Amino acid sequence: MTDGTDSPGEAREADSGHDRPVRADARRNLDLLLKAALDVFATSGVDAPVREIAEKAGVGVGTVYRHFPQRSDLIKAVVRNEVDACADAAVSLAAEHEPGEALSRWMQRFADFIMAKRGLAAALHSGDPAYQALPLYFEKHMIPALQGLLDRAVAAGAARGDVEANELLRAGAQLSNLGQGDDPAATRRMIALLVDGLRYGAGVKG
């Protein structure tokens with residue numbers, strides 16, 4: 001991973017974000033590292049020094065390089081980790097709340113995901129082929145997660161039945177990108193209005 005100041009002296013056994021078995025303690029450390037990277041990218045940009053990320057995560061610089069020898073490896077892992085967390089939240093929300101409320105809460109969670117991802121925009125929109133697989137990864141995980149919540153809400157009469165998950169994702173992402181995140185509270189209000197609109201015509205057959 002090149003940033004002009006740090007040297008990947010301990011870069012070995014890179015996982016580059018690919019799935020493979022990880023011990024529970026190692027998984028926790030990796031989660032801390034990815035969370036620290038997301039926070040640093042949000043405040044300092046995707047070109048922030050690796051040392052800043054390592055210090056925030058409480059690990060050595062060599063640990064970062066060992067897992068992610070290229071900066072793109074770290075960025076991809078951060079995005080996939082956030083996608084996984086957002087998609088997985090659909091399961092817990094469905095178990096804890098009524099269908100309409102679960103859908104509403106997940107859309108707010110999705111808005112948080114989109115706003116947090118803005119710190120990665122410079123890299124993700126750079127045209128670098130390293131990131132070409134991320135849109136498909138996003139769709140593969142997010143669309144089924146939202147579709148399940150939407151189907152439950154429709155069946156419960158809490159949402160209209162003529163909206164598809166991919167349409168709702170696009171609308172939520174566009175609203176979450178308005179204003180460049182200067183007012184997260186305003187974004188959440190707009191998302192709430194979007195979800196309220198789903199109730200118009202709910203329960204109507206045909």
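Hi everyone, a definition to begin: on a 1 Å grid over the protein atoms alone, a cavity is a set of points where a 1.4 Å probe fits but cannot get out, while a pocket is an open set with protein on both sides within 12 Å along at least five of seven lines. Lining residues have an atom within 4 Å of a point. Points are joined across faces, edges and corners, and a volume is the space filled by probe spheres set on them.

This is a predicted model, where local features need pLDDT of at least 70, side-chain atom pairs count only at pLDDT 80 or more, and totals for chains, interfaces and linings use all residues. Numbering runs from 1 along each chain as its sequence is written, and side-chain values use heavy atoms, without hydrogens or water.

The largest cavity has a volume of about 40 Å³. Among its lining residues are Leu38, Phe113 and Lys117, and helix 4 brings the largest share, three residues.

And what is the volume of the largest pocket? About 590 Å³. Its lining has 23 residues, with Ile114, Lys117, His125, Pro135 and Phe138 nearest the centre. Helices supplying at least two lining residues each include helix 7 (134–155) and helix 8 (165–177).

Thanks, everyone!

Terms used:
Helices (H or I, at least four residues) and strands (E, at least two) are DSSP runs, numbered from the N terminus.
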